[in-house]
Amino acid sequence: MLPIWLPSVLALAPRVGLIQLRCRKGIPPALRGRAWQYLSGGKVKLEQNTGRFDELDLLPGDPKWLDVIERDLHRQFPFHEMFVSRGGHGQQDLFRVLKAYTLHRPEEGYCQAQAPIAAVLLMHMPAEQAFWCLVQICEKYLPGYYSEKLEAIQLDGEILFSLLHRIAPVAHKHLSKQKIDPILYMTEWFMCAFSRTLPWSSVLRVWDMFFCEGVKILFRVGLVLLKHTLGSSDKLKSCQGQYETIERLRALNPKIMQEAFLVQEILELPVTERHIEREHLIQLKQWKETHGELQCPPCPRLHGAKAISNSEPYSRKALEPSPSIILPPSPALLPQGHKNKERADPGKGRPANGPSLEANGDQALAGPWARPQQLTPEASLHHQSKESLSSHESEDTYL
């Protein structure tokens, strides 16, 4: 079960490889939504900001952003059952999440690429949890991507192009010859985390790894697609001009996007966080020489769940699972010998909240094996309704 393996592994640095392996194999569908919350740190953010989403949800919002968000709602996965109907619960939750983010980060406002990100999150979790995962993606995984000037995505485009020279020199040479800037083909890929490019099964596998390992997964996916689309002379025969090349990148071969093939290629590609950060420093220096200082300098990028967990010390309580079903202690679970010891001295070792002989007379028995008081049917029903389900039941059972 998720609450057992995920929080404990995140808390122990030497065992991070176990969670990485599980994410690379694919998170089970029934656990995916909750796993993404733990991996991204959204779960901790929610615990640290209890009630914040509800406060933002009640605020009216900036009309400038509300109109744009309204126009984009029907464009997000229009054939999915959650978003197929105008004004349905899916579109309503999507509106709430996106509006809340514009209030949470008014200096950034709303970017259209955030809508498919939020929509995918809403397919796996309630609105409040989706909001905090969106915050983590925008602030920790892809900082600066959705700012007004889009400077961060332009920098990452240059990083991708530089890495392509090492991974697929033929593709790099062709794109350079045709003078095709990376921003023309990689913007939607990265800003939407490939949610509008890949088949759905591949999207989920990429997101599992992305939440665990960070933006290097997006770079690897982009490099794999470029390598297998433009990486050989045979592939370039039908891409003689700039227009043909861009069209080929917009209509990718389904075979290279197939889940098994793509994931295997991603895992084998030798691109690490260190390569990305080294190229980032090089490209940032060149950017300052040609464009000057960044107008919207982003926060430092964190590469995956481990980096996020280390950067924000969490309270143990924030990661402890809340059980859906609470059962009373069972006498069968008591160690042997404990019962005899308690019978010999009923007053000694009696639980602090247990029944007292002095208080209840003959109607009470000391010790955990005592018979509970008889309840009326109405009282029994009320007792079960209060103790059988915790306040987090809706979260734990949301699929």
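A disulfide is a pair of cysteine sulfur atoms within 2.5 Å. With that cut-off I looked for disulfides and found 0 in the structure.

**Ground rules**

I am working on a predicted model, in which local features need pLDDT of at least 70 and side-chain atom pairs count only at pLDDT 80 or more, while totals for chains, interfaces and linings use all residues. I number residues from 1 along each chain as its sequence is written, and my side-chain values use heavy atoms, with hydrogens and water left out.

**Entry: cysteines**

I took C23 to begin with. The closest cysteine sulfur to that of C23 belongs to C212 and lies 4.1 Å away, which is too far for a bond. C23 has 1% relative accessibility and counts as buried (under 20% relative accessible area; exposed is over 50% and partly exposed lies in between, with a 1.4 Å probe and protein chains only).

I then checked C138. C138 is in no disulfide, and the nearest cysteine sulfur, in C111, is 8.7 Å away. C138 is also buried, at a relative accessible area of 2%.

**Entry: helix 8**

I asked how many residues of helix 8 are buried. I take helices as DSSP runs of H or I with at least four residues, and strands as runs of E with at least two, numbered from the N terminus. The buried residues include Q114 and P116 as well as I117, V120, L121 and L122.

What covers them? I noted helix 3 (29–40), helix 7 (89–104), helix 9 (127–141), helix 12 (183–191) and helix 13 (200–213) among the covering elements. For contact I require heavy atoms within 4.5 Å.

**Entry: nonpolar core**

In soluble globular proteins, nonpolar side chains tend to be buried together. I define a nonpolar core as a set of buried Ala, Val, Leu, Ile, Met, Phe, Trp, Tyr and Cys residues joined through side-chain atoms within 4.5 Å. The largest one here has 102 residues, and L121, Y185, F190, W207 and L225 touch the most other members. Helix 9 gives the most to this core, with 10 residues.

I followed L121 out of helix 8. Leaving aside residues up to four places away in sequence, L121 touches W36, A130, C133, L134, I137, W207 and F211.

**Entry: aromatic rings**

I pair rings of Phe, Tyr and Trp (its six-membered ring) if their centres lie within 6.5 Å; planes under 30 degrees apart count as stacked, over 60 as edge-to-face and the rest as tilted. I count 14 aromatic pairs in the structure. F131 and W132 make an edge-to-face pair, 4.8 Å centre to centre with 70° between the planes. Both F131 and W132 are buried.

The ring centres of W207 and F211 are 5.9 Å apart and their planes meet at 70°, so I log this pair as edge-to-face too. W207 and F211 sit 4 residues apart in helix 13, about one helical turn, and both are buried. I also find W207 and F211 in one aromatic cluster with W36, Y141 and F210.

**Entry: salt bridges**

Side chains of opposite charge can pair when their charged atoms come close. I call a salt bridge a side-chain nitrogen of Lys or Arg within 4 Å of a carboxyl oxygen of Asp or Glu. By this rule I get 15 salt bridges.

The side chains of D208 and R32 meet in one, at 2.9 Å from N to O. D208 is in helix 13 and R32 in helix 3, so the pair ties together parts that are 176 residues apart in sequence. D208 is buried at 0% relative accessibility, and R32 is buried at 7%.

R75 and D72 form another, at 2.6 Å from N to O. Here R75 is partly exposed at 45%, whereas D72 is buried at 3%.

For E107 and R105 I have 3.8 Å from N to O. E107 is exposed at 59%, and R105 is partly exposed at 25%.

I also noted a network of salt bridges that links R24, E213, K216 and E273.

**Entry: A305**

Where does A305 lie? I find A305 in helix 19, residues 305–311. A305 counts as buried, at 4% relative accessibility.
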